[in-house]
Structure formats: structure tokens, C-alpha cells
Amino acid sequence: MTPLLPNPDYYLHNLITMTSSESKRLWRRAIKEHFNCQCVYCGGTYELQQLTIDHVRPKCKGGRDIASNVVPSCRRCNQEKGSKNWLDWMRSTFGITDREHTILSHIR
Ligand SMILES: [Zn+2]
């Protein structure tokens, strides 16, 4: 299991990998593994390559490219959430679920 580090540069700094593209790949994989390959929004379990990385606070709204702002998401949820407020979108789509607490504890 790949350790989840704050951003791809940490894999380079800790000599876990030697290239920037590999560090980004590892980081993305670590995020998915950290959440047991589940989409944090719908709760579905997916293959690594079926999951995307979603910025909880969208980059276009100032969200950072850092572990505490990224979560695994299936393509469908990623697309439907878009740049909406994640909690508003999640509640209107799935109602109140335990998954919102999982996300809240990850992003704080
Ligand atoms: Zn989903």
C-alpha cells in the first residue's frame, strides 16, 4: 500500500520515486487506496483505474492540489458534482449519509 502524502512532491523528497510523473501517479493511487477504492460520494467500490480524483473544493474556486482537498470519485459523481458545493450536491443527490462525515474528517 502506498503511503498517502500531502502532495506529489513528497514522494520525490522522500526518495519513494525519482520522477515527477511517477510521484503524481503514486499520489493518486494512494488517495484511492486510502478510501478503499470507494467513491466518497456514492459509496460504490471501483477498480483503481475507474476512479477519478476529485477536488472537494474545486480548483476553479481556490481549492488546492493537496491530499486534504482530494478524494476518489467515480466518473459519474465527479461529472455531476462539477464545481457545485460538494455538501449541497451530495445531500440533494443522496440525502444525509455517513459518507459526508468521512469527507468532513478528511478535509479538516
Ligand atoms: Zn460515485
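How are the donor residues of the zinc ion spaced in sequence? Their spacing is C-x2-C-x31-C-x2-C. Cys-39 lies in the loop between α2 and β1 and Cys-74 in strand β2, so this pair ties together parts that are 35 residues apart in sequence. Helices (H or I, at least four residues) and strands (E, at least two) are DSSP runs, numbered from the N terminus.

The model is predicted: local features need pLDDT of at least 70 and side-chain atom pairs count only at pLDDT 80 or more, while totals for chains, interfaces and linings use all residues. Residues are numbered from 1 along each chain as its sequence is written, and side-chain values use heavy atoms, with hydrogens and water left out.

The zinc ion is coordinated through the SG atoms of Cys-39, Cys-42, Cys-74 and Cys-77, at 2.3 to 2.4 Å. Donors here are N, O and S atoms within 2.8 Å of the metal (3.2 Å for Na, K and Ca); water is not among the atoms, so sites may look incomplete. The four donor atoms subtend angles of 101 to 116° around the zinc ion, which makes the arrangement tetrahedral; four donors count as such if all angles lie between 85 and 135 degrees. Ideal angles for four tetrahedral donors are 109.5 degrees. Both Cys-39 and Cys-74 are buried, that is, under 20% relative accessible area, where exposed means over 50% and partly exposed in between (1.4 Å probe, protein chains only).

The loop between α2 and β1 also holds Cys-37, which counts as buried because its relative accessibility is 15%. Leaving aside neighbours within four places in sequence, Cys-37 is in contact (heavy atoms within 4.5 Å) with Lys-32, Gly-44, Thr-45, Tyr-46, Leu-48 and Leu-51.

The buried residues of α2 are Ser-23, Leu-26, Trp-27, Ala-30, Ile-31, Lys-32 and Glu-33, and what covers them includes α1 (9-13), β1 (51-55) and β2 (70-74). Just after α2, Asn-36 takes a positive phi of about 55°.

Thr-2, in the segment before α1, counts as buried because its relative accessibility is 9%. Beyond its neighbours within four places in sequence, Thr-2 is in contact with Tyr-11, Leu-26, Arg-29, Ala-30 and Glu-33.

The aromatic residues remain. Rings of Phe, Tyr and Trp (its six-membered ring) pair if their centres lie within 6.5 Å; planes under 30 degrees apart count as stacked, over 60 as edge-to-face and the rest as tilted. By this rule there are two aromatic pairs. Tyr-41 and Trp-89 form an edge-to-face pair, 5.5 Å centre to centre with 85° between the planes. This pair links distant parts of the chain, 48 residues apart: Tyr-41 is in the loop between α2 and β1, and Trp-89 in helix α4 (residues 86-94). Trp-89 and Phe-94 are likewise edge-to-face, at 5.7 Å and 90°. Tyr-41, Trp-89 and Phe-94 form one aromatic cluster. Trp-89 counts as buried because its relative accessibility is 5%, whereas Phe-94, at 30%, counts as partly exposed. Arg-99 lies over the face of Phe-94, 5.3 Å from the ring centre; such a charge requires NZ of Lys or CZ of Arg within 6 Å of the ring centre and within 35 degrees of the ring normal.

Key: Tetrahedral: all angles 85-135°; square planar, octahedral: opposite > 155°, others 65-115°.
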